[in-house]
Amino acid sequence: MAASSNSSLSGSSVSSDAEEYQPPIWKSYLYQLQQEAPRPKRIICPQEVENRPKYYGREFHGIISREQADEILAGVEGAYILRESQRQPGCYTLALRFGNQTLNYRLFYDGKHFVGEKRFESIHDLVTDGLITLYIETKASEYISKMTTNPIYEHIGYATLLREKVSRRLSRTKNESRKASVTSEENTPVEKITSLVRRAALTQNDNHFNYEKAHNFKVHTFRGPHWCEYCANFMWGLIAQGVRCSDCGLNVHKQCSKYVPNDCQPDLKRIKRVYCCDLTTLVKAHNTQRPMVVDSCIREIEARGLKSEGLYRVSGFTEHIEDVKMAFDRDGDKADISASIYPDINIIAGALKLYFRDLPIPVITYDTYSKFIEAAKISNPDERLEAVHEVLMLLPAAHYETLRYLMIHLKKVTLHEKENFMNAENLGIVFGPTLMRPPEDSTLATLNDMRYQKLIVQILIENEDVLF
Ligand SMILES: [Zn+2]
Ligand SMILES: [Zn+2]
């Protein structure tokens, strides 16, 4: 695995720099094992078999015993047949030769074939994947169990120290780093280096706000060979070889995903919308402190709407509010919401409220909801304020920051109460159910909680200076 020909980059153009950033080296041991795994050998039944299910081919041998199956397979590694159970007709078994024995698996079909979690289009694919998995897990069980102990993922973090070098390299040429990684592992297809370099490059951006964000891993089928960006090992198998974060594109083994820290940096290209997007995901993707909808709308309202009668209570035209939402989804922070397009400030106020209502997790999160309600029920005002303060500390950082910013704004709104007739209590009625929703959608609970939701927002506005 030595980087035998790693010289194309470091040897030539920048060899003088001893501490130069080295792209992580992919480990190809498991890739080689996958290449060595026995291939499936389909043993066809010489006779026409009656009652063959239409989703099986001629590898189906009908009702035969285990011993007969064993004979047909004739000790050939990778050989397989399908048979119907003698005791339970209608139940099917895959008989497969591996490791000098015949393995029998109960086989299922629901439009796709499966024996475990993975679903396959064909029996051939199922057997191919099964043989790879059996082979790798037999040959490399100890290796796999230790795979996560020395992750390359750490190096990505270290890239901050190497910031300058990385950025110099990135600016020099985009393709050079890719070339370097390919030559470091001869003849092994490598294509994921670009995402690592991308991640390394991201850490040099000082503008980002250090909100923690968990990755959004989903089981993924990779086309072509892929390497885990956590442990640097090959992701084996035919399908569902690992998981991919749908926000940032990080690819890792399922077992490695448990060790990846909550440092997801969403890729703007993967975030399709502004509304209905998770709050932390949105601010990380846009590299802002708060959702830019909140900043834009509040800026606009403070510029021309603070004295507007019934601000946030009077509703704007629904269609116009939907227009604003579409503009943000389409144009992001470049959305034009100026008076020349939307002269009615209630449309902007409505768009801001809609943004909060559309959040998949409210600003006051489901996790903290009941704690806020409990705090609101305390009768002693000082104790109540103390309790609210404590729960506020439990909010995710981006949620906390958004709430803080909104409350400073709403406080300003109340300072113009003489003109707009909106005090903290009125605003509590409007914003209570917008900022907090009970985790379970129970109408009764919502009705009972309404006055406490109102009270929480009222307390937050009136005490924003001491609470945040
Ligand atoms: Zn991610
Ligand atoms: Zn891994």
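Modeller: Both Cys 245 and Cys 248 are buried (under 20% relative accessible area; exposed is over 50%, partly exposed in between, with a 1.4 Å probe and protein chains only). This is a predicted model, in which local features need pLDDT of at least 70 and side-chain atom pairs count only at pLDDT 80 or more, while totals for chains, interfaces and linings use all residues. Residues are numbered from 1 along each chain as its sequence is written, chains are lettered from A and ligands numbered from 1 in the order in which they are written, and side-chain values use heavy atoms, with hydrogens and water left out.

The two cysteines belong to a metal site. Together with His 215 (ND1) and Cys 264 (SG), Cys 245 (SG) and Cys 248 (SG) coordinate the zinc ion (ligand 1) at 2.2 to 2.3 Å. Donors here are N, O and S atoms within 2.8 Å of the metal (3.2 Å for Na, K and Ca); water is not among the atoms, so sites may look incomplete. Along the chain, the donor residues of ligand 1 have the spacing H-x29-C-x2-C-x15-C.

The other zinc ion (ligand 2) is held by Cys 228 (SG), Cys 231 (SG), His 253 (ND1) and Cys 256 (SG), at distances of 2.1 to 2.4 Å. Its site is tetrahedral too, with angles of 97 to 118° among the 4 donor atoms. The donor spacing for ligand 2 reads C-x2-C-x21-H-x2-C. Cys 228 sits in the loop between β7 (217-220) and β8 (242-245), and His 253 in the loop between β9 (251-252) and α10 (254-257), so this pair ties together parts that are 25 residues apart in sequence. Helices (H or I, at least four residues) and strands (E, at least two) are DSSP runs, numbered from the N terminus. Cys 228 is buried, with 0% relative accessible area, and His 253 is buried at 3%.

Next to consider is Thr 281. This residue is part of helix α11 (residues 279-286) and counts as buried, at 5% relative accessibility. Setting aside residues up to four places away in sequence, Thr 281 touches Lys 213, Asp 247, Pro 266 and Ile 271, where contact means heavy atoms within 4.5 Å. Thr 281 and Tyr 211 are 70 residues apart in sequence, with their C-alpha atoms 9.6 Å apart. The Thr 281 side chain also makes a polar contact of 2.8 Å with the side chain of Asp 278. A polar contact is a pair of N or O atoms within 3.5 Å; within protein, one must be able to donate a hydrogen and the other to accept it, and residues adjacent in sequence count only if both atoms are side-chain atoms.

For context, the chain as a whole has 21 helices and 9 strands. Of its 468 residues, 48% count as buried. Among contacts in the chain with a separation of 6 or more, 65% come from residues 24 or more positions apart.

Definitions and conventions. Four donors count as tetrahedral if all angles lie between 85 and 135 degrees; four count as square planar and six as octahedral if opposite donors are over 155 degrees apart and all others between 65 and 115; anything else is irregular.
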